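Please look over the sequence and the structure shown here before reading on.

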Amino acid sequence: MVALSTGSAAFSQIHTMERKDTSAVVRTYDLNPVVVTGSGHHQRLKSTATPVRLLSSQEMQEQGITTFDAALTRLLPQVSMAPNSMGTFLRLNGLGNKYILILINGQKLSGDISSNVDLNRINMARVKRIEVLDGAASSLYGSDAIAGVINIITDQPTQQLVSVMSDTRVSGKGQLTESVNLDIYTHGFGSYTSYSHDRADSYQTTDLEYVKGSDTETQRTIAPFFTGYRSNVLNQRFTYSPDRYLALNAGIDYSAKITDRPDTRADIGGGTDYEMRYRGLRWNLGGIYKFSAKNSLQADFTADNFRYGKEYDVETAKQKVGDYIQSKKQRTLEGQVKAILGLTDNSTTIVGADWRRDELNATSGNINQDAYILAAYAQHEMKFFDLLTATLGARYNYHETFGSHFTPKATVMYSPGSFNFRATYSAGFRAPGLDEIYYHYFSVNRGKPQIIFGNRDLSPEKSNYFALNAEYRTNLLAVSITGFVNRINDMVVRQDINVDAQKLEDLRGEFPEMTDDQAAKLERYSLYQNSDKGDVKGVQINVSANLFSGFNLSANYAYTYARSKSGDKWIDLERSIRHSATVAANYHRSWGKYALNVNLNGRLQSKTYYTSYENAPGFGIWNLHTTHTFDHLDWAVIEPSIGVDNLFDRVDRRIDSANRKYALYTPGRMLVVGLKLRLKK
């Protein structure tokens, strides 16, 4: 079966329209920004043969976006997210977290909790743009890049001697985001300091739950629908460029997060004895030497440490208030060397090598293991007759556990006049994680035991991705349509196996801490296996128009048909969405030293599929945001903002049950106010 998906990238020349301030209140439109993710080197968006979707910081600011998940879900219909106390479950083109590679300036962001990504580690105050590459991209980026790549590019201003910025946003349910940036640049040296604080209270959409074993009788609960949290991120980055040939950089990021759930109570259920606490420390060193305008050599080294555990705020039989029990510690070390060469006037060649070491210490899973990956890759891009561009690339990976793997890539772009036609083939692969290989896990959740085993006989997952793209682009109108098919083999899934009397005896021998009461409730255990095939088909249509001066209207639609096959049975992929769309209307006008920006955006999607649960209904959410820029002061630019999230108060008020999952997590209509302050020189 053939599948279609969208990489609405070239179209984004107009849709994303990265705005640049010529003064504090005037906006100009850059219809052709520079991107790096699609080809591995900097080039104009209209020239990249691999479609890339770009989200600019200005676009996010105009929509009142201050969190990473809001940036993706409000602007990209092919992305969906499900927050919980363990992190955020992210899906891109129907595929989940483990198939999506998240990069910060080209280096992998590590750290997850039960495959849920801790997105609060990303400091949005420092984000310059987000580049999204749909589909398999393992030829350039290696393991995990099967669904796509999300590359977060951070800002490094080099114009002002000193720059200070503060940005605050407040809304209902205790939601607050606040950030402060201090940038210093002089004589080739740059120091960029940023601190951000993000918080939200737990909330419910209903305080009822079904009594266990009943589908009709209800009782009150304090269990949150959305889990509150407190998050802090501190970033420090240094750059040094003694001349136009050499640029060096070093940085360190620290993140801390703790959940804020209701405590256990004797009179009502739904509380917890502990909070989940997370810590992240990431540092990197790198540099680039430019031999000429088209020839450069760059090297980077990154160390990413992440850990989480339980911090008790209720005294129990075994724990005191304040006790901390670590559940999992992860570390990734990664070194990269890459040469970008202009061997001819019409070509760009990339050769590189990567080394990565993953380490996992999980007390709950009885794991203390590591594995390394070595890789070498090459890519050659050639332009013919000013109309045709072709790219060939390949990557060789050697994984310590799974041996060698080869992933090729080929693209071609034909560009007559205002049209672009693109065709892409790329292979992807994903080496099973250390947890999937070595897990020996026993836990008790609300009195119910859970056992998970890893599997040392797993094979890597492999994919083949095909895409066709057609685009028409002028300064007033851009229309793009992309179709793709992504087929995955040897998908690693957790299969449930029923427990008989003999197996129960064996399991009790492996987990002697299991009590008689827990053993009586154990009905099945889970084992990681290569059992499924995946088939994702999709179409994306993107339209953007500058209807008149200062007004832009854009609409993005994604159709995604995502299935997996186990044995002879095809089923919809868990949490997949068949139809989704985002719409945005933006108006900007200035009067002297005052400017007004009004943005109306909406996300609409059909039902969310769950294989073992009731499907979640579709919804439509609309948000209105206004920004007011005042440049009347000699020492500062002031930008207050006010808006309304969820204009029509759409809320999923279904009562929680063991057979029910959700897709809409908003608490309802909320007033949003903000204040941004930028100090002048």
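Through how many residues does a hairpin join β19 to β20?

## Basis of the report

The model is predicted: local features need pLDDT of at least 70, side-chain atom pairs count only at pLDDT 80 or more, and totals for chains, interfaces and linings use all residues. Residues are numbered from 1 along each chain as its sequence is written, and side-chain values use heavy atoms, with hydrogens and water left out.

The hairpin between β19 and β20 runs through 5 residues. Helices (H or I, at least four residues) and strands (E, at least two) are DSSP runs numbered from the N terminus; two strands pair if DSSP finds at least two bridges between them. Strand β19 (residues 228-240) and strand β20 (residues 246-260) are antiparallel and are joined by 13 bridges. On its other listed pairing, β20 is linked by 13 bridges to strand β21 (residues 274-292), again in antiparallel fashion.

Tyr 254 illustrates both pairings: it is the bridge partner in β20 of Leu 234, and its own partner in β21 is Leu 281.

## An open sheet

Five strands form an open sheet with mixed pairing, in the order β5-β12-β13-β8-β9. Its edge strands, β5 (53-56) and β9 (107-108), each pair on one side only. Strands β8 and β9 run antiparallel and share 2 bridges, with Ile 104 opposite Gln 107 of β9.

## Nonpolar cores

In soluble globular proteins, nonpolar side chains tend to be buried together. A nonpolar core is a set of buried Ala, Val, Leu, Ile, Met, Phe, Trp, Tyr and Cys residues joined through side-chain atoms within 4.5 Å; buried means under 20% relative accessible area, exposed over 50%, and partly exposed in between (1.4 Å probe, protein chains only). The largest such core has 39 residues, and Phe 68, Leu 72 and Ile 130 have the most contacts inside it. Elements giving two or more residues to this core include α3 (68-75), β12 (127-134) and β32 (477-498). The most, 5 residues, come from α3.

Beyond its neighbours within four places in sequence, Phe 68 is in contact (heavy atoms within 4.5 Å) with residues including Met 81, Leu 119, Ile 130 and Ile 152. A second, separate core of 16 residues includes Leu 360, Ile 367, Ala 371 and Val 492.

## Thr 332

Thr 332 lies in strand β23 (residues 324-341) and is buried, with a relative accessible area of 8%. Its side chain makes polar contacts with the side chains of Ser 110 (2.8 Å) and Asp 358 (3.1 Å). A polar contact is a pair of N or O atoms within 3.5 Å; within protein, one must be able to donate a hydrogen and the other to accept it, and residues adjacent in sequence count only if both atoms are side-chain atoms.
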